[in-house]
Amino acid sequence: MDRDNIPAYTSNLTRNYSIASLAGIVIVAVTLVYFYQHLATHSLTQRESQFNSDLARTLGNTIWTKYSNFFWHSSEMSADELSSSRVIEQIERDIRNKTLGLRVLQVKIYNLNGKIIFSTHPSQIGDNEYDNRGVKAALTGRTISEVSFRDSLSSLEGEIFDRNVITSYVPIRRSFDQPVEGVFEIYTDITPLLADVDKTSSQILLVITALMMVLFLFLMLFVRRAHMIIRSHEEAHEIEQKQRIDYLEYHDEVTGLLNRKGLLRQIHHHLTTEHIEGVGVGVIALKLRNLSAISGGLGHQRVIHLLRLVSGRISSCATGTQNISHLDSSEFVLIIENLISETELDFMVDKLSQLFAEPFVLDHSSITLSISIGADCSWGGKSHEALVNSALLALTECKVKNRQYVRYDESMELSRIESLTFEVEISRALQEHEFALYYQPKINLTTGEVSGMEALVRWHHPKRGVLSPNSFIGLLEERGYIVDLGNWLIEEACRQCKRWHNDGQSNLRVAVNVSLKQLQFPGFLQSVVDAIEISGIEPRYLELELTESMLADDTEVILDVMKNLKKMGVLLSIDDFGTGYSSLSYLMHYPFDYIKIDRSFIRDMMHNRDHAILTNAIIAMAKSLNLGVVAEGVETQQQLHRVREMGCDEVQGFYFSQAVEPRKFMYVVSGINEAAADVTNL
Ligand code: C2E
Ligand code: CA
Ligand code: CA
């Protein structure tokens, strides 16, 4: 699945987790450190304040008691008198002694009026600080401490800088129940203690961060794992969704079989796959004739149920390589890949007919469905699409012919094309060069090698696939198009034959079928001359095939044309011999070189004695007239053996090859020539 399609919340899971966790770590660490600092500073202040109180009490017990007289009179003394008093010096000395080694920076003593009566910073002596918050509180009996930062400060040791200082105002009294007599103000340096707190804070911050990072990384592994699991679930879900959509698009909702679109996709798929020689494809189209008549009385739900039963029954006679489509409510199409024989197709049709002869049981009532079946099959040369169209066309013929089963044949195509705008189709086909010649080899029975080939026209119809001449030659003749097309076909056959001559197959003879209309056309002879000239082929390598029926009309003209052709050196053969008004006199009057025994004789002689006798007689007669004999439609080794025994000169038929495109022809020729001994030793 495309990564971009993963919902943003999932694809960012790891990133979001990282950001949130790191932010969390920072917040937690900073908060903890802040609280620690707050608590540590608070407890430090408490402790130092207590320390100052204790110190004040000690000083009170000693200094206040010792100099109480001086203090009592201090309120009457001016600032100068106080400063210059020798007692002050003594007090200072005593205080220095008492605070030696302690972090005391300054000591002040206030009397009850808030006047500074002593200070380790002498210039302050005499100042009145009655309004000072600390002094006021201490005079009421409360000890108050505050922490502050000082840029510079006069201490007992002199001027000092950048210090954190705790200042405590401590009431002086002889005991707790005695009145306040004065106030001590003691400054203590807590800079190193706060530095300790800071240091400890940093260490705590470090430890907390490290621990949280470990936790973070640990959880990160979980998150990443979870992320991957979610993503693979989402991908699987998306694939499932796509498959579901795909399924709905190409399958029929009711029966679960391929729908029309699914069938088209299937057909399209086969367009791109290479056809395997000798493997056939069959298509059966089935219509439920009376479904619409009975569905009104059944109601929607029961019709659905019935269709499911129908599709189940059709599916029961299909195997893995056969696929079934449900085109609309009453039409089904079955494609049989790897068809072995036409019998297999007929067998399938029989099986379907039998299956539908049984009634369907629906809510205790039985329903008999009547069906029509159209079918077609091909062993190459016809696409799946063309086969489906043929089978559907055959299906429509069931109604016309009032039969349950109709096998497709090309005459149906003829009537369809006729009913379509044939003129439009044909002129496009001529313009777009949709006509092409395929070649079927003729094998010389003495050498076993290919002696020539019959050129057979095909129509590469853009929609209906490769059409056989039986479906359109009649109309081309009728509408007069055969003349132009026929001329082109002769020319093209000559050119192709010359190419093969040039490629080393210099004895090949090409036979082209000619219609009566062509022969009757005044310019025919000239067109043959032109074809020979343009291609550069020797006339003896061109053979024209005429049918018996042609000779019944316009006898003189035809005979004249034939004589001229003979003069030119072109060979002539009589096609489909035995099917028309066969008469010995034809053979004697007309300058033929070969007779081609119609394939119906070859087919029937194996199991019909009369046909065998007749075929033998035709061959004998031809021989006596010095004509070459070609057996058409040889499909089996037995037939080949038989016609060889009878003295045929050449054979043509599916036993050796169908008509193939020019590019495949040489490949077919070499295959036959390589196996020539198989024919001669037969
Ligand atoms: P045709 O001249 O009798 O051609 C022989 C037909 O028999 C060909 O059918 C060929 O494919 C088929 N065939 C050959 N060997 C066998 C076999 O062993 N078994 C079976 N079952 N059939 C075999 P195709 O090509 O469909 O041609 C049908 C007819 O269309 C031809 O019959 C011919 O009358 C006409 N035709 C073909 N090409 C042309 C053409 O260029 N011009 C004219 N005017 N008619 C043509
Ligand atoms: Ca022919
Ligand atoms: Ca023929």
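**Note on a pair of calcium sites**

1. The calcium ion (ligand 3) and the calcium ion (ligand 2) sit 3.9 Å apart, with aspartate 575 coordinating both. Please keep in mind that this is a predicted model, in which local features need pLDDT of at least 70 and side-chain atom pairs count only at pLDDT 80 or more, while totals for chains, interfaces and linings use all residues. Residues are numbered from 1 along each chain as its sequence is written, chains are lettered from A and ligands numbered from 1 in the order in which they are written, and side-chain values use heavy atoms, leaving out hydrogens and water.

2. For the calcium ion (ligand 3), the coordinating atoms come from Asp575 (OD), Asp576 (OD), Glu632 (OE) and Glu632 (OE), at 2.1 to 2.4 Å. Donors here are N, O and S atoms within 2.8 Å of the metal (3.2 Å for Na, K and Ca); water is not among the atoms, so sites may look incomplete. Along the sequence, the donor residues of this ion have the spacing D-D-x55-E.

3. The calcium ion (ligand 2) is held by Glu454 (OE), Asn513 (OD1), Glu545 (OE) and Asp575 (OD), at 2.1 to 2.3 Å. Its donors are spaced E-x58-N-x31-E-x29-D along the chain. Asparagine 513 belongs to strand β16 (residues 509-513) and aspartate 575 to strand β18 (residues 571-577), so the pair ties together parts 62 residues apart in sequence. Strands (E, at least two residues) are DSSP runs, numbered from the N terminus.

4. Aspartate 576 is partly exposed at 25%, and asparagine 513 is partly exposed at 29%.

Definitions and conventions: Buried means under 20% relative accessible area, exposed over 50%, partly exposed in between (1.4 Å probe, protein chains only). Helices (H or I, at least four residues) and strands (E, at least two) are DSSP runs, numbered from the N terminus.
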